[in-house]
Amino acid sequence: MRIPHRFRRCAPGFLCRGALAACIAALAVHAAGAAETYPNKPIRMIVPQSAGGSTDFVARAVAQRLDDALKQPVVVDNRPGAGSINGTEIVAKATPDGYTLLAVAASLTITPSIRKNLPYDPVRDFVPITQLVILPHILVVHPSVAATTVKDLIVLLKSKPSALNCAISGVGTSTHLALEQFMFMTGTKMLPVPYKGGAPGMAALLGGQVQLYFATISTALPHVNAGRLRALAVTSPRRSVSAPAIPTIAESGVPGYEHTSWVGLLAPAKTPRSIIARLNAESVGIVNSPQVKTLLLRDGLESTGSTPEEFSAIIRTEVAKWLKLAKVAGIKAD
């Protein structure tokens, strides 16, 4: 913002105290005015992953309805690459005016534990708007595995260390850390076998090349219902709405175990609080509407909706949690 001519300098490079206070006040008025007229042009919602995945699905469900709520187009812009880093960096460096948003998965909190020299900080460079949904995983085994419960599996693994292989959808992914957390908390060992995504991992499990998988519920349930796989437990702290008959890992003999993926909405740091509050209210209302809750649940996605403060706490807690687990498990950063 241009400094009015009347704000004379007291010394080279410095504003006198009164002029500085007036300048700050003018900037505050300018920011408040921008927030009051928000939005007055299209909004870009960046998804740092390819179209068709869970994050993209949630982003489009929300963006489509934000159009009506905000009376401006909300355009989903897929910017995949470098494990979601490319698209995330764009938002971190965008102007904090509410016109560039980030729909992001829980990988945001995992990446710092497996990547060095990130071009952004997941806590410092963003302001949370809301967590939109959670995506519980489900521990499934091939029918050849002689375990029908988590306790059976732990006994089997301890009697035959490293005898079973577990599919993961890439090193450092959510499925990988779900496995590492399980092994750490149970004192067991399995061999992680990385695949290029969830679909190849599921194919390997169905074919018997691996024996276990911490799969997404939407991917695994059809095979469980058809008898091709056996479900042992879900990873969430409470039973999934999509599969209420399947117990949690925590209630199955591993107290405190919790691993839940999610999709949330962020804005660049320093975005005005009034804009964040508006986006939060509209987004929470959307994901908790009966129509959208039903739509999301078909894909195993459970609507949440949180305050910015609650979502901030989740992000900070998970960044610390995965950094600690990666160190204990010996997962090396690239």
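Start with glutamate 89, which is partly exposed at a relative accessible area of 23%. Keep in mind as you click around that this is a predicted model. Lysine 93 itself counts as exposed, with 58% relative accessibility.

Side chains of opposite charge can pair when their charged atoms come close. How many salt bridges does the structure hold? There are 8, and we'll visit some of them.

Next, select arginine 238 and glutamate 302. This salt bridge has its closest N and O atoms 3.8 Å apart. Arginine 238 sits in the loop between strand 10 (230-234) and strand 11 (260-268), while glutamate 302 belongs to strand 12 (residues 302-303), so the pair ties together parts that are 64 residues apart in sequence. Is each partner buried or exposed, or something in between? Arginine 238 is partly exposed, with a relative accessible area of 48%. Glutamate 302, on the other hand, is buried at 6%.

Which residues do salt bridges with shared partners join into one network? Select Arg44, Asp77 and Arg79 to see it. Within that trio, zoom in on arginine 79 and aspartate 77: their salt bridge brings the closest N and O atoms to 3.2 Å apart. Arginine 79 is partly exposed, with a relative accessible area of 34%. Aspartate 77 has 17% relative accessibility; the cut-off for buried is under 20%, so aspartate 77 counts as buried.

One more charge before we turn to rings. Show lysine 41 together with tyrosine 99: the charged end of the lysine sits over the tyrosine ring, 4.7 Å from the ring's centre.

Now for ring against ring. Searching the whole structure turns up 5 aromatic pairs. For one of them, pick tyrosine 120 and phenylalanine 126, an edge-to-face pair with 6.0 Å centre to centre and 75° between the planes. Both partners are tucked away: tyrosine 120 counts as buried at 6% relative accessibility, and phenylalanine 126 is buried with a relative accessible area of 5%.

Move on to phenylalanine 182 and phenylalanine 214. This aromatic pair is tilted, with 55° between the planes and 5.9 Å centre to centre. Phenylalanine 182 is buried, its relative accessible area being 0%. Phenylalanine 214 also counts as buried, at 0% relative accessibility.

For the last stop, switch to a cartoon view and colour helix 4 (residues 107-114) and helix 11 (residues 308-329). Their axes are 8 Å apart, and the two helices pack at an angle of about 35°. Which hand does the crossing of helix 4 and helix 11 have? It is right-handed. Bring the side chains back to see who makes the contact. From helix 4, show Leu108, Thr109, Ile110, Pro112 and Ser113. From helix 11, show Ile315, Glu318, Val319, Trp322, Leu323 and Ala326.

Notes: Residues are numbered from 1 along each chain as its sequence is written. This is a predicted model: local features need pLDDT of at least 70, side-chain atom pairs count only at pLDDT 80 or more; totals for chains, interfaces and linings use all residues. Side-chain values use heavy atoms; hydrogens and water are left out. Rings of Phe, Tyr and Trp (its six-membered ring) pair if their centres lie within 6.5 Å; planes under 30 degrees apart count as stacked, over 60 as edge-to-face and the rest as tilted. Buried means under 20% relative accessible area, exposed over 50%, partly exposed in between (1.4 Å probe, protein chains only). A charge sits over a ring if NZ of Lys or CZ of Arg is within 6 Å of the ring centre and within 35 degrees of the ring normal. A salt bridge is a side-chain nitrogen of Lys or Arg within 4 Å of a carboxyl oxygen of Asp or Glu. Helices (H or I, at least four residues) and strands (E, at least two) are DSSP runs, numbered from the N terminus. Axes are lines fitted to C-alpha atoms, for helices over the stretch in contact, and angles run from 0 to 180 degrees between N-to-C directions. A crossing is left-handed if the near helix is turned anticlockwise from the far one by less than a right angle, and right-handed if clockwise. Contact means heavy atoms within 4.5 Å.
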